Amino acid sequence: AHFDGDMISRAGAAFLDVVRGPGEEIQGRGRFAFDSLGGGLALDEVTASVDSLVYSLARPTELRWDRTSLVVDDLEITRPGDDPMRLTAAGSLSRSGTSDFDLVVEGLHLGRVARMLEMDDWTGGGHADFTLSVDGVAEDPAISAQWAIEDPVLQDVQLSRLAGELTYAGQEAQVATSAWSGDHEVFAVSGRVPLDLALSEVLDRTPPRVMDLAVRADSLDASLALAYFQVLEDVVGIVDGSVTVRGTLDAPRPDGEMTLAGGAWSIDALGVRHADVTGALTLNPDRTVTVDLSSSATGQSTVSGTVTLVPLRNPGLDLSFAFSNFQAVNRLDMEGRISGDLLLRGPFGRPRVTGALQVDAGTLRERVRAERGSCRLVRSEAVWSRHDCFRDPITHSGYPEPLSTESHCGSRSLGPARYVDAVRGNVH
């Protein structure tokens with residue numbers, strides 16, 4: 001980075017040149033002035049280069065601020081070419097007086113914005129248009145916004161369009177947003193939500209009014225619906241259903257059902273892929289969710305019970321798991337199939353697990369070093385079958401003992417292997 005400037009009595013001029021990496025550079029030239037009450041920034045030139053794309057200030061502009069307001073004088077940023085971008089902002093935003101502000105964004109590539117902001121973990125993208133208008137007194141402004149994203153990418157899922165709008169006045173927001181895959185609307189949310197979006201300081205932004213939201217999924221990709229569960233990878237499947245949400249923001253009352261068909265996902269830590277997952281989640285007005293899921297591709301497994309969404313950040317669990325010859329783990333160091341039943345109860349942050357599992361078949365493998373000719377890496381295996389787990393927490397008599405152990409180096413056997421004991425601990 002390079003900075004060159006001069007200042008006299010809290011006012012001056014400056015030139016800034018920042019090179020962030022190959023093909024990324026930001027340059028700006030302008031004048032500034034500030035004091036204890038606020039300040040101003042007059043921008044004469046600004047350019048930002050990302051690869052071969054150049055974003056530039058269309059004409060000189062000025063920004064002014066004090067403790068309660070911001071004024072933007074006709075800001076315009078453009079990117080010329082076959083795929084142009086344009087951003088304009090003008091007007092004032094005030095936390096104590098009257099606002100009159102408009103923002104327009106056309107042709108913004110979200111992936112490029114994420115790159116400039118160094119959001120390396122963000123995998124989204126798309127071509128966005130956005131408008132925002134804020135008018136009226138700070139205590140009760142009128143706000144409207146519209147957005148549309150062409151070819152959006154969310155959680156590595158490609159959609160054709162995502163669009164919506166918001167209109168706010170009198171502590172109530174009317175919202176509507178939809179997602180399309182091709183010409184088919186796969187997801188939609190619409191209705192009213194009580195909110196206090198006053199620009200002035202407010203102690204509580206959730207007025208005690210009733211909301212009325214409708215949520216609908218029609219052949220929605222399951223990877224979007226299950227994006228919250230980051231442990232699940234390569235998710236496929238179809239989600240359908242509809243839910244209405246009424247009540248207040250502090251005590252919502254959902255009612256409806258979402259179903260999953262043809263579901264599948266991988267859990268990298270266990271080395272398994274669960275497929276043929278089907279079932280339903282039924283949302284009830286008392287803020288409980290009835291769970292009924294099953295999988296049959298890697299042995300039989302079912303999950304049933306309820307999840308209580310109170311509090312929402314740490315919901316209560318009362319779930320039953322049933323397994324029959326189920327592929328629980330399939331990694332390089334171990335594999336195994338289990339049968340049995342488990343109960344998962346208590347708060348999500350610290351649940352209690354009870355039950356009994358039986359190991360139907362499995363193998364433990366350990367890599368050890370040996371000095372025998374040119375062979376340095378050997379494999380040690382322990383194989384077991386049909387043993388109960390978690391049966392006796394005192395004597396551990398229910399834990400599996402290996403039926404056989406053997407070490408190998410290439411095609412040669414090195415004799416009996418050192419048994420690798422599994423981690424033993426009662427589930428309670």
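Predicted model: local features only at pLDDT ≥ 70, side-chain atom pairs only at ≥ 80, totals over all residues.
Biologist: Which residues make the nonpolar surface patch?
Modeller: Tyr228, Phe229, Val231 and Phe348 make a patch of about 480 Å².

Biologist: Where is Phe229 found?
Modeller: Phe229 sits in the loop between α2 (222-225) and β17 (233-247). Its relative accessible area is 42%, so Phe229 counts as partly exposed.

Biologist: Turning to the backbone, which residues does the cis peptide bond join?
Modeller: Val310 and Pro311 are joined by a cis peptide bond, with omega at about -5 degrees. Pro311 belongs to the loop between β21 (300-308) and β22 (316-330).

Biologist: What is the phi of Asp74?
Modeller: Asp74 has a positive phi of about 50 degrees, although it is not a glycine. Most residues other than glycine have a negative phi, and most peptide bonds are trans.

Biologist: Where does Asp74 lie, in a strand or a loop?
Modeller: Asp74 is part of strand β7, residues 69-79. With a relative accessible area of 41%, Asp74 is partly exposed.

Biologist: And what about Asp151?
Modeller: Asp151, also not a glycine, has a positive phi of about 50 degrees. Asp151 lies in strand β11, which covers residues 142-154. Its relative accessible area is 49%, so Asp151 is partly exposed.

Key: Residues numbered from 1 in each chain as written. Heavy atoms only, no water. Patch = residues over 30% accessible without salt bridge, like charges linked within 9 Å, V, L, I, M, F, W, Y side chains within 5 Å. Areas by Shrake-Rupley, 256 points an atom, 1.4 Å probe, with all protein chains shown as cover. Salt bridge = Lys/Arg side-chain N within 4 Å of Asp/Glu carboxyl O. Helix = DSSP H or I, 4+ residues; strand = E, 2+ residues; numbered from the N terminus. Buried < 20%, exposed > 50% of the residue type's maximum accessible area, 1.4 Å probe, protein only.
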